[in-house]
Amino acid sequence: MHIKDLILGLDTSNYTTSAALVDRSDRVIADSRRLLVVKEGKRGLRQSEALFQHVNALPEIIDALCRQAASHGISSPAQRIAAVSVSSRPRPVEGSYMPCFLPGLHFGESMAHLLDVPCFVFSHQEGHIQALRREAGIDEAVPFMAFHMSGGTCELLLVQKEKLRILGGSKDISFGQLLDRTGVALGMRFPCGEAMDAIALQSPRPKRMHYKKIWMQDGWMQMAGLATAVQRDVEDGRPGEAVIPELFLQIAEALFAMAAWGRQQCGVNKLLLAGGVAASQTIKHYVTEYNKTGAVEILMPGGDAAKDNAIGIARLGRNKLWPSSPSASHN
C-alpha cells in the first residue's frame, strides 16, 4: 500500500500551462511548465486561444511531471497523490474570472474524483505569493506586504496568513503591460520582459529621466500615459537601448515609493515581490541598492519561482491538507 504524501498542483494562466508535485514536508518533487505560443507581432492571446493551447498542453505537462517524479524514485506518483490543488481565477476577489483557468480546474477536479482525494481551489495570485513566500523566509504566521506584478496584475497587498487585502496598485495598465507594449513596438516577440531585462542589465543606469515619473497618489498609479509617450518615441525612431533602461528604473522607483506608502498604511516593513516582472535581474539590482537605506525590506527571491508556475498552488493545497506539518529546511 502506497503512502499518500504528494499534492498535485495545476495552474493554467493566460500564458503558461503548469503542474507541480510537492510532498508533505513542502519539498518540490517535480515542476513542469509550458509557455503558450503567441504569434509574432501580437501583444497577447485571446482567451479562446489560451484555453485551446492549455487543453493540448496538459497531457504533455503531466507526462513530463511523471518523468521528473521517476527521477526521484517515484515510479507511480498517482498512487501517492493525497490531494489535487488548482487555480480557478486570477485573483481572490468577487468577479475575478478568465476562461483560461477552466482547463486546469476541470482536469484537476476530474483527477481528484478519479483518485478519490480532495480538490482544493485557489487563485493564481495566491499561488504566485505562496511560491515565493518560503524562498523569502517569511513564516506563515507573519504579516507582510506583497506586490504582485505580472502581465495583467499590478497590486500592493497586505498578506495575513493566507488572506489578501488590496492596499493599492495600478488604475490602468500593469508593469508587465508597460514592458510588453514597448517591446512589441520595438519589434520583440511577446512576452518581451526577459529580453528587455537582458538589455537593461547590460546598460548603464540612466542619469536622468526622459519621461515624467509614473503618476502616483494615495497608493494608486497610472502608467498608460507613459506607455503612450514611449510608443510614440519608438515610432519616431528612439532606440530600445535608450528607452528600456529607463522603464526598469521607473518601475523600481515606483515600487520603492509604494513600499514606503504601504508601510505608513499598515505598519509592516517587509515587502515580497511576486509575479513575472519580479524575475527581473535589473530590478533586483535596484532593490539591492535600496535595501541598504530603505525603511522597508524588499524581498525578491526572483528566478523561475517568480514566473507563472503551479508550485505555489500545490503548496497552498499542502497547507490545507496538512496545516500542522512542518516544512523541510530546503527543496
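**Helix packing, aromatic pairs and cysteines**

Helices α3 and α9 (residues 311–321) pack at an angle of about 85°, and their axes are 7 Å apart. An axis here is a line fitted to C-alpha atoms, for helices over the stretch in contact, and angles run from 0 to 180 degrees between N-to-C directions. The two helices, α3 and α9, are therefore roughly perpendicular to each other; angles under 35 degrees count as roughly parallel, over 145 as roughly antiparallel, 65 to 115 as roughly perpendicular and the rest as oblique. This is a predicted model, in which local features need pLDDT of at least 70 and side-chain atom pairs count only at pLDDT 80 or more, while totals for chains, interfaces and linings use all residues. Residues are numbered from 1 along each chain as its sequence is written, and side-chain values use heavy atoms, with hydrogens and water left out.

On the α3 side, Glu126, Gly127, Gln130 and Ala131 meet Gly312, Ile313, Arg315, Leu316 and Asn319 of α9. The residues of the contact of α3 with α9 divide into three nonpolar, four polar and two charged. Ala, Val, Leu, Ile, Met, Phe, Trp, Tyr, Cys and Pro count as nonpolar, Asp, Glu, Lys and Arg as charged, and the others, Gly among them, as polar. Helices (H or I, at least four residues) and strands (E, at least two) are DSSP runs, numbered from the N terminus.

Helix α3 (residues 124–133) also holds arginine 133. Is this arginine 133 buried or exposed? Arginine 133 has a relative accessible area of 1% and is buried. Buried means under 20% relative accessible area, exposed over 50%, and partly exposed in between (1.4 Å probe, protein chains only). Not counting residues up to four places away in sequence, arginine 133 touches Ile138, Asp139, Glu140, Val142, Phe144, Val159, Lys161, Glu162 and Leu272; contact means heavy atoms within 4.5 Å.

Another arginine, arginine 181, lies in helix α4. Arginine 181 is partly exposed, with a relative accessible area of 28%. With residues up to four places away in sequence left out, arginine 181 touches Arg43 and Ile173. From C-alpha to C-alpha, arginine 181 and glutamine 231 are 7.7 Å apart in space, and they are 50 residues apart in sequence.

The aromatic rings come next. The structure holds three aromatic pairs. Rings of Phe, Tyr and Trp (its six-membered ring) pair if their centres lie within 6.5 Å; planes under 30 degrees apart count as stacked, over 60 as edge-to-face and the rest as tilted. One of the pairs is stacked and joins phenylalanine 147 to phenylalanine 175, at 5.7 Å centre to centre with 20° between the planes. This pair links distant parts of the chain, 28 residues apart: phenylalanine 147 is in strand β6 (residues 144–149) and phenylalanine 175 in helix α4 (residues 175–185). Phenylalanine 147 is buried at 0% relative accessibility, and phenylalanine 175 is buried at 0%.

Phenylalanine 256 and tyrosine 290 form a stacked pair, 4.3 Å centre to centre and with 10° between the planes. The pair links distant parts of the chain, with phenylalanine 256 in helix α7 (residues 240–266) and tyrosine 290 in helix α8 (residues 281–290), 34 residues apart. Both phenylalanine 256 and tyrosine 290 are buried.

How many disulfides does the structure hold? The structure holds zero disulfides; a disulfide is a pair of cysteine sulfur atoms within 2.5 Å. The sulfur of cysteine 154 is 17 Å from the closest cysteine sulfur, in cysteine 266, which is too far for a bond. Cysteine 154 counts as buried, at 6% relative accessibility.
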